[in-house]
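Q: Could you take me through this one, with the cut-offs spelled out as we go?

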Amino acid sequence: MSTTSSPVPEPEGAPQDIGPSSARLIHGESTTEIPVHLLFRDIPESASVPLAPTVVRRRLGTGEQPCVRGAAEPARRSPVSDPELSERPARVLPGWVGVLAGLGGLCGCGVVSWWAGVLSPAAMRVLELPASAGTGIGLEQLAAYAGAGALGLLGFSGLMRGRTGYAWVLGVFGRYRGTARRTGLMWVNPLVVRHRADVRLRHWHSEPIAVVDANGVALRVVVLVTWRVRDTARAVLGIDDHQTYLRECVESALARLVPQVPADASATKDVVSLRNFEAIGEALTRLVAADVESAGLEVFAAQPTRIEYAPEVAERLQRRRIAALDAEHRDTVLSTVVDSVEDTVTRLTMRGLVELDDYERKALVKDLTVAFYTGRPADGG
C-alpha cells in the first residue's frame, strides 16, 4: 500500500495557527488520515516470548542419549524416613535384678505354703522348718500367693540375653522405646515387645541380574554387597523387610547405571566401559548407599564380580568369533600355498627343467595349488 503526504488546504483568510489541529496528515489509498507525529512514537520494548525447550536428537551410531536444553529436569526424590524414628538407647536393668525378683517370688510362695500348712512334710524336713499351725488356704493366703507369684513372674519373664553382634529393638503398645545393644543377661519390662536385629557386618552375593548396556546388549551382572544395619529402629520398624529392600535397591541402581555405559569400550576412544570394575563399583556403591540410607542400612561396597553376556547374545558372539578365526586360518593357509606354488614354478623355470608358455604355466599353477591345498593337514601345519 502506498501513501502520499500533502498539506491540508486551508481557507483563505484563516489565521496561521500552528498546533496539533494543524499537523500534517498522511493520506492513504484506502485508509483514513494518519497524523505524522504518530509515526515517531517511542516504540515500547518488545515482550520476551518464552521459547519451547530445544531437544537435541542423538546422533545415529554414537550411543548418545537425547538431551533437552532450556528445561530443568525434575530431581529424583530420595525416600525420606520418619524423623522421629531414630535409634536411641533403651533403659534396661542388670539381669541380677530380675533373678532376685524371681527367686523372691518363689520363696514367697514357699513361705505362704508353710503358713497355710500345705507344705509337704518331706520339704519341711529338708528345709528344717518348724511345724505350722495353719488351718488351710484362705483369702489372706490367696492374696499372698498372688503377690508372690506376680513377683516371680515379673522377675523371670523380663529376663533376656544380649549377644555380641545382635541388638534388641524394644516397643511398648506399638511405640518405639529404644534399642538395647548390651551383652549378657539383662532385665526389661515384661510388657515390652522385643525384635532382634543383626548388626554384624554382612555380605550378600546376588544372583545374575538381567540388564542392558548403552548399546542395548543384554547382560547378566553378579554383584557382591558389603553392608550392615546402622539404625536398628529404621531397619526393623521403618520398613517391612530391609534385606529384600536392599536387593531391590541394588537391582534399581544397576538398571539406572548400566544403560549409560557400554559393555566394551572402543580401542580408539577413551571411554569408561563396564570392564572398568573399579569405576563402576564406586558409582554403584554411591547409588545404593543413597537409596538405603533412609532404611537405616550402611553400604560399604557394591562391587560387580561378574559381567557376562546373556546366553542368546553369548551364543551369537561365539559363532561370529569362530567364523572370524576360521576365515583368518583359511587366509593364512591360502597365502602359504600361493607362496609355495610361486617358489616351485620359479625354481623349475630358472633351472631350465621345463619350458612353459602362458597356457602351460597357468595349468601348472592350478594343478600345484590344488595339490598343495588339498594335501595339507587339517590343522594347516
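A: Let me begin with the wording for accessibility: a residue is buried under 20% relative accessible area, exposed over 50%, and partly exposed in between, using a 1.4 Å probe and protein chains only. This is a predicted model, in which local features need pLDDT of at least 70 and side-chain atom pairs count only at pLDDT 80 or more, whereas totals for chains, interfaces and linings use all residues. Residues are numbered from 1 along each chain as its sequence is written, and side-chain values use heavy atoms, with hydrogens and water left out.

Q: OK, what is the average pLDDT of the chain?

A: The average is 75, and 68% of the residues score at least 70, where pLDDT is the predictor's confidence in each residue, from 0 to 100.

Q: And where does pLDDT stay under 50?

A: One such stretch is residues 1-23, for which the model has 17 contacts beyond four places in sequence, a contact being heavy atoms within 4.5 Å. Another is residues 65-74, with 13 contacts counted in that way.

Q: How many helices and strands are there?

A: The chain has 8 helices and 15 strands, both taken as DSSP runs numbered from the N terminus, with helices being H or I over at least four residues and strands being E over at least two. Of the 381 residues, 26% count as buried. Among contacts between residues at least 6 apart in sequence, 64% join residues at least 24 apart.

Q: How many residues does the largest nonpolar core have?

A: There are 34 in it, and those with the most contacts inside this core are V225, L246, V250, L254 and V288. A nonpolar core here is a set of buried Ala, Val, Leu, Ile, Met, Phe, Trp, Tyr and Cys residues joined through side-chain atoms within 4.5 Å. At least two residues of the core come from each of β13 (209-212), β14 (218-229), α5 (242-257), α6 (277-292) and β15 (297-309). Helix α5 gives the largest share, 7 residues. There is also a second, separate core of 10 residues, which includes M160, L170, V172 and V188.

Q: Back to L246: is that residue buried or exposed?

A: L246 counts as buried because its relative accessibility is 2%, and this residue lies in helix α5. Leaving aside neighbours within four places in sequence, L246 is in contact with V225, W227, V288, V292, L297 and V299. As general background, nonpolar side chains tend to be buried together in soluble globular proteins.

Q: Which residues make the nonpolar surface patch?

A: V118, I137, L139 and L142 make a patch of about 420 Å². Patches are built from residues with over 30% relative accessible area and no salt bridge, with nonpolar side chains (Val, Leu, Ile, Met, Phe, Trp, Tyr) joined within 5 Å and like charges within 9 Å, and the areas come from the Shrake-Rupley method with a 1.4 Å probe, only the protein chains shown counting as cover for residues. L139 is found in helix α3 (residues 139-157) and counts as exposed because its relative accessibility is 75%.

Q: Changing topic, how many salt bridges are there?

A: The count comes to 7, a salt bridge being a side-chain nitrogen of Lys or Arg within 4 Å of a carboxyl oxygen of Asp or Glu. In one of them, E87 pairs with R181, and the closest N and O atoms are 2.6 Å apart. That pair links distant parts of the chain, 94 residues apart, since E87 sits in the loop between β5 (67-69) and β6 (93-94) and R181 in the loop between β9 and β10 (184-187).

Q: Why does R181 count as partly exposed?

A: Because its relative accessibility is 41%; E87 is partly exposed too, with a relative accessible area of 24%.

Q: Which strands hold R228 and E298?

A: These side chains meet in a salt bridge of 3.3 Å, N to O, with R228 in strand β14 and E298 in strand β15, 70 residues apart. Salt bridges that share partners also join D198, R200 and R202 into one network. Within it, R202 and D198 have their closest N and O atoms 4.0 Å apart, and both of these residues are buried.
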